[in-house]
Amino acid sequence: MESQKKIMVLCGGKFAFPALQLLAYEKFICAIGIGKSNASIVDALERESEENNFGFKSFPDKKSIIEMRAWIETVQPDYIFCISFPFLLPENVLSYGKGKFINFHPGPLPQYRGPMPIFEVLKNQETQTAICAHFMNSKFDQGNIIFNDPVAIQKTDTYGKLSIKLSERLAHITLNTANMLQFASHIPNQIQDETLAYYYEKPELADTYINWKHMTADEIISLINACNPWNNGADTTLQEKRIKIISARLLNKPHNNQTGTIVSITDTLNIACKDNEQIAVEILSTDAGIMTASQFEEQILTNFP
């Protein structure tokens with residue numbers, strides 16, 4: 001009987017945890033490498049690796065990647081899985097073996113290349129996303145596609161909810177891929193269609209800022225969901241205050257007010273949108289902290305008696 005394939009996993013943090021747990025349970029993992037992450041996650045993975053007799057190495061910055069090839073040579077994995085690993089792997093690392101490096105991208109390729117496809121699919125109001133397994137080359141998200149596994153997006157999905165959903169699905173996808181590699185002599189794959197390709201850079205303020213004059217109520221709510229929780233909400237200005245809107249819903253109530261102004265405050269903060277709709281803001285963040293609409297009203301009355 002053929003021996004179990006050994007898989008090294010390069011990851012970037014908590015998103016990979018369910019996959020790591022399942023692959024470890026099925027005895028596929030031989031080593032874990034982590035890119036820049038907070039100290040508690042690095043410590044937790046190192047501790048788990050020691051307890052399970054896995055190899056472990058931290059790559060805190062781009063410069064540290066120079067040490068990767070020697071480490072891989074020491075471990076001698078059959079395959080290397082990448083899950084949200086933050087750094088591009090250079091040719092001298094990838095030359096360890098053609099077809100040995102597989103990335104699991106949390107968005108459909110080639111349409112959603114880039115570091116944060118979860119944000120982009122939500123902002124763009126997609127009804128479906130995917131986890132794409134693809135062979136790696138020396139360019140981000142451009143290697144041959146093995147498969148795109150579709151995942152439905154619900155209207156109420158936030159960045160956090162969709163991340164958890166994708167993370168849990170990813171665990172089963174990586175296990176299925178590991179089993180496929182165990183028994184298949186050839187993995188079917190196809191070149192990415194560059195006519196469909198788009199690379200999204202990491203979001204900046206211009207991407208997370210609500211443009212009341214040009215965005216519909218649905219577009220604004222989609223942006224708010226896409227920014228929750230990683231950006232602590234979508235950025236905007238109300239009552240000359242810079243705030244972040246964390247949670248909001250469509251009010252379904254027409255108005256005759258200027259867009260971006262507060263129409264009323266009930267248990268929600270109701271704001272006029274350009275399509276004669278209102279959004280009802282439930283939770284927001286200010287310099288004073290995270291608060292409800294009623295608490296925000298109290299703050300306004302206190303500052304503007």
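How exposed is glutamate 67, in terms of relative accessible area? Glutamate 67 is partly exposed, with a relative accessible area of 38%; buried means under 20%, exposed over 50%, and partly exposed in between (1.4 Å probe, protein chains only).

## Basis of the model

This is a predicted model, in which local features need pLDDT of at least 70 and side-chain atom pairs count only at pLDDT 80 or more, while totals for chains, interfaces and linings use all residues. Residues are numbered from 1 along each chain as its sequence is written, and side-chain values use heavy atoms, with hydrogens and water left out.

## Strands β2 and β3

Helices (H or I, at least four residues) and strands (E, at least two) are DSSP runs, numbered from the N terminus. Strand β2 (residues 29-35) pairs with β3 in the parallel sense over five bridges; two strands pair if DSSP finds at least two bridges between them. Within this pairing, glycine 33 stands opposite lysine 57 in β3.

Together with helix α2 (residues 39-51), β2 and β3 form a right-handed β-α-β unit. A crossover is right-handed if, with the strands pointing away from the viewer, the path from the first strand over the helix to the second runs clockwise.

## Salt bridges

Side chains of opposite charge can pair when their charged atoms come close. The whole structure contains seven salt bridges, each defined as a side-chain nitrogen of Lys or Arg within 4 Å of a carboxyl oxygen of Asp or Glu. One of them joins the side chains of lysine 57 and glutamate 67 at 3.1 Å, N to O. Lysine 57 lies in strand β3 (residues 55-59) and glutamate 67 in the loop between β3 and α3 (68-75), so this pair ties together parts that are 10 residues apart in sequence. Lysine 57 is partly exposed, at 22% relative accessible area.

Another salt bridge links aspartate 157 and lysine 165 (2.8 Å, N to O). Aspartate 157 is buried, with a relative accessible area of 6%, whereas lysine 165 is partly exposed at 26%. The side chains of glutamate 282 and arginine 249 also meet in a salt bridge (3.1 Å, N to O). Glutamate 282 belongs to strand β12 (residues 278-286) and arginine 249 to strand β9, so the pair ties together parts that are 33 residues apart in sequence. Glutamate 282 is partly exposed at 28%, and arginine 249 is partly exposed at 36%.

## Largest pocket

The largest pocket holds about 1500 Å³ of space. On a 1 Å grid over the protein atoms alone, a pocket is an open set of points where a 1.4 Å probe fits, with protein on both sides within 12 Å along at least five of seven lines; lining residues have an atom within 4 Å of a point. Grid points are joined across faces, edges and corners, and a volume is the space filled by probe spheres set on the points.

Its lining has 44 residues, with Ser84, Phe85, Pro86, Pro115 and Met116 nearest the centre. β5 (101-105), α5 (117-123) and α6 (159-183) each supply at least two lining residues, and α6 gives the most, with six. By class, the lining has 23 nonpolar, 13 polar and eight charged residues. Ala, Val, Leu, Ile, Met, Phe, Trp, Tyr, Cys and Pro count as nonpolar, Asp, Glu, Lys and Arg as charged, and the others, Gly among them, as polar.

## Second largest pocket

The second largest pocket has a volume of about 400 Å³. It is lined by 18 residues, and Lys155, Thr156, Ile221, Ser222 and Asn225 are the closest to its centre. Two or more lining residues come from each of α8 (217-226) and β9 (241-250). This lining is made up of five nonpolar, seven polar and six charged residues.
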